[in-house]
Amino acid sequence: CAGLSLGGEIAMWLAAMDVRISACVSCGFLGYMDDFDKYDACPCWKAPGLRELIDFPDLGSLVAPRPLQCQMGLQESGSLTPFAARRAMEELRQTYVDLGKPENVSLDIHIGGHVVDTPSLVWFLEKHLMSPPASYNPWWKDR
């Protein structure tokens, strides 16, 4: 599951609530509700009582231990900044560490703006979702 902006938020909510989602890439959406309140007018995430229970790093933690990549562009503006995303990722990553799967979460800071870093998305999904065929037997496996 993957999305950009509101789609990135929806992707994260979907992955948090449905364990059938094997991996999630959330682009242009990682930070804190307080920051979103200051800079963004979109009320789409403002469900009554939500703030008292959860913040966006908590939402990402609900995806754990399944693979999650968050992306943020260096040219983002408002509440969507690489600085906020890094802070939020530090909190979020701790859940993956606690569950023994730190390799399943990553933050891709790219040079663009509010866009998907497609090569990084493809690499991440291939890494976590593509498995070798059953007949695959590397020479080092039996050593």
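**View 1. N104 sits in the loop between α4 and β4.** Helices (H or I, at least four residues) and strands (E, at least two) are DSSP runs, numbered from the N terminus. This is a predicted model: local features need pLDDT of at least 70, side-chain atom pairs count only at pLDDT 80 or more, and totals for chains, interfaces and linings use all residues. Residues are numbered from 1 along each chain as its sequence is written, and side-chain values use heavy atoms, with hydrogens and water left out. N104 has a relative accessible area of 10%, so N104 is buried. Buried means under 20% relative accessible area, exposed over 50%, and partly exposed in between (1.4 Å probe, protein chains only). Contact means heavy atoms within 4.5 Å. Neighbours within four places in sequence aside, N104 is in contact with P65, R66, P67, L68, Y96, F124 and H128.

**View 2. The protein chain holds five helices and four strands.** Read from the N terminus, the elements of the protein chain follow the order β-α-β-α-α-β-α-β-α. The protein chain has 143 residues, and 44% of them are buried. Take the contacts in the protein chain with a separation of 6 or more: 68% of these are between residues 24 or more positions apart.

**View 3. β1 and β2 run parallel, joined by three bridges.** Two strands pair if DSSP finds at least two bridges between them. L4 stands opposite C27 in β2. Together, β1, helix α1 (residues 6–17) and β2 form a right-handed β-α-β unit. A crossover is right-handed if, with the strands pointing away from the viewer, the path from the first strand over the helix to the second runs clockwise.

**View 4. Both sets of side chains on β2 are buried.** In a regular strand the side chains alternate between the two faces of the sheet. C24 and S26 point one way from β2, and V25 and C27 point the other way. S26 belongs to strand β2. Its relative accessibility is 0%, so S26 counts as buried. Beyond neighbours within four places in sequence, S26 is in contact with G3, G8, E9, M12, Q69, C70 and Q71.

**View 5. Strand β3 (residues 68–73) is mostly covered.** Six of its six residues are buried. L68, C70 and M72 lie on one side of β3, with Q69, Q71 and G73 on the other. Strand β2 (residues 24–27) runs parallel to β3, and four bridges join the two. Here C24 has L68 of β3 as its bridge partner.

**View 6. β3 and strand β4 (residues 105–110) pair in the parallel sense.** Six bridges link β3 and β4. Q71 stands opposite D108 in β4. From β3, the chain crosses through helix α4 (residues 82–98) to β4, and this β-α-β crossover is right-handed.

**View 7. The whole structure contains zero disulfides.** A disulfide is a covalent bond between the sulfur atoms of two cysteines. The cut-off here is a pair of cysteine sulfur atoms within 2.5 Å. For C27, the closest cysteine sulfur is in C70, 8.6 Å away, so it is too far for a bond. C70 is in no disulfide either; its nearest cysteine sulfur, that of C24, is 7.1 Å away. C27 counts as buried because its relative accessibility is 0%. C70 also counts as buried, at 0% relative accessibility.

**View 8. Helix α5 (residues 118–129) has twelve residues.** From first C-alpha to last, α5 reaches 16 Å, close to the 16 Å expected at 1.5 Å a residue. The expected span is 1.5 Å times one less than the number of residues in the helix. Which residues of α5 are buried? They are S120, L121 and F124. These residues cover an arc of only 100° around the axis, so they are on the same side of α5. The arc is that of the directions from the helix axis to the C-beta atoms. P119 and W123, on the other side of α5, are exposed. The buried residues of α5 pack against β1 (2–4), β2, β3 and β4.

**View 9. L50 lies in the loop between α2 (33–39) and α3 (56–61).** L50 is buried, with a relative accessible area of 15%. L50 and M33 are 17 residues apart along the chain. Their C-alpha atoms are separated by 9.9 Å.
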